[in-house]
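The entries below keep the order in which I looked things up.

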Amino acid sequence: MKLQKILLICALLGAFFMIQTLLPPGFLSLESIKTHQLALQDYVEQASARSAVLYFAAYVVVSALSIPGAALLTLLGGTLFPFWQGILLVSFASTLGATLAMLTSRYILRDGVQRRFSHQLKTVNEGMVRNGAFYLFALRLMPLFPFFLVNLLAGLTSLSVRRYWWISQLAMLPATVIFLNAGRELGKLTSLRDILSPGILFAFTLLGLLPLVSRWLFSRYFHSSH
């Protein structure tokens, strides 16, 4: 492995563990943000622009380093900022963080994985060229696939950065809106499970699968009719 990759891995691990060590235990928890809600709201009222920049930066770091707590930060955004400002901040911060995580995965892992499993990945690569956008859209919406895992896997593919960005931003938007809206009633929440009911999770899964199923049906009908 090249020295640059080793140094990058060390820097990322160092940043991850440093943040985890500096943060007080339970800092990124529902009870913690509810406890500090009033103080944070006062700070935002006194320094709205600075608060937005700090919030955006914190969200990007948490997303890029795959630190657990992005959902809680989204709730906090719904509490601290007007709804449309929250959408802009969270949507672009989460997409930027996801893209940085994907690029890191691509830089560190992709060449080695593609070289070692070139034969096995040939079909996968061809499928990503044809349907990569649809796969990513589905994975982003399906709650079964963690945020960090989608970033990691996407980095191993040939999906372009531009396509990865806009699909991620589009597919993550529904959950962003739901969590921001829930953040406006933060005091009534007792668990993150109160936000994503089984019905909503099922709807997200169907929405994610819809483009893939539609493409499959179209391809099947088109080929059978010719």
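The entries that follow concern the fold, the cores, the packing of helix pairs and a few individual residues.

**Entry 1: the chain as a whole**

I note at the outset that this is a predicted model. I looked up the secondary structure and found 10 helices and 0 strands in the protein chain, so that I could write the order of elements from the N terminus as α-α-α-α-α-α-α-α-α-α. Of the 226 residues in the protein chain, 35% are buried. I then looked at contacts with a separation of 6 or more, and residues 24 or more positions apart account for 82% of them.

**Entry 2: the cores**

Which residues have the most contacts inside the largest nonpolar core? This core has 24 residues, and I listed L30, I33, Y55, Y59, L73, L75 and F81 as those with the most contacts inside it. At least two residues of this core come from each of helix 2 (30-35), helix 4 (48-64), helix 5 (70-80), helix 6 (83-116) and helix 9 (161-183). Another core lies apart from it and has 12 residues, among them L141, V150, A154 and I167.

Leaving aside neighbours within four places in sequence, I found Y55 in contact with L73, T74, G77, F81, L89 and V90. L30 sits in helix 2, and I recorded L30 as buried because its relative accessibility is 10%, below the 20% cut-off. I also checked the C-alpha atoms of L30 and L76, which are separated by 9.3 Å although these residues are 46 residues apart along the chain.

How many of the residues of helix 5 are buried? I counted 9 of its 11 residues as buried, and helix 5 is thus mostly covered; the buried ones are L72, L73, T74, L75, L76, G77, G78, T79 and L80.

With helix 4, the axes come within 10 Å and cross at roughly 165°. That angle is over 145 degrees, and therefore I put helix 4 down as roughly antiparallel to helix 5. The crossing of helix 4 and helix 5 is left-handed, and the contact is made by Y55, A58, Y59 and V62 in helix 4 with A70, L73, T74 and G77 in helix 5.

With helix 3 (residues 37-46), I read a packing angle of about 55° and axes 10 Å apart, and helix 3 and helix 5 are therefore oblique to each other. The crossing of helix 3 and helix 5 is right-handed. On the helix 3 side the meeting residues are Q37, L40, Q41 and V44, and on the helix 5 side they are L76, T79 and L80.

Helix 5 passes helix 9 in a right-handed crossing. From helix 5 I noted A71, T74, L75, G77, G78 and T79, which meet T176, F179, L180, A182 and G183 in helix 9.

**Entry 3: two loop residues**

Where is S66 placed? I located S66 in the loop between helix 4 and helix 5, and its phi is near 55°, a positive value in a residue other than glycine. I wrote this down because most residues other than glycine have a negative phi. S66 counts as partly exposed because its relative accessibility is 32%.

Is F145 buried or partly exposed? I found F145 in the loop between helix 7 (118-141) and helix 8 (147-155), and F145 counts as partly exposed because its relative accessibility is 34%. Not counting residues up to four places away in sequence, F145 touches L139 and V150, and I had already listed V150 among the residues of the core of 12.

Technical notes. Residues numbered from 1 in each chain as written. Predicted model: local features only at pLDDT ≥ 70, side-chain atom pairs only at ≥ 80, totals over all residues. Heavy atoms only, no water. Core = buried A, V, L, I, M, F, W, Y, C linked by side-chain atoms within 4.5 Å. Buried < 20%, exposed > 50% of the residue type's maximum accessible area, 1.4 Å probe, protein only. Helix = DSSP H or I, 4+ residues; strand = E, 2+ residues; numbered from the N terminus. Contact = heavy atoms within 4.5 Å. Axes fitted to C-alpha atoms, helices over the stretch in contact; angles between N-to-C directions. Parallel < 35°, antiparallel > 145°, perpendicular 65-115°, else oblique. Left-handed = near helix turned anticlockwise from the far one by under 90°.
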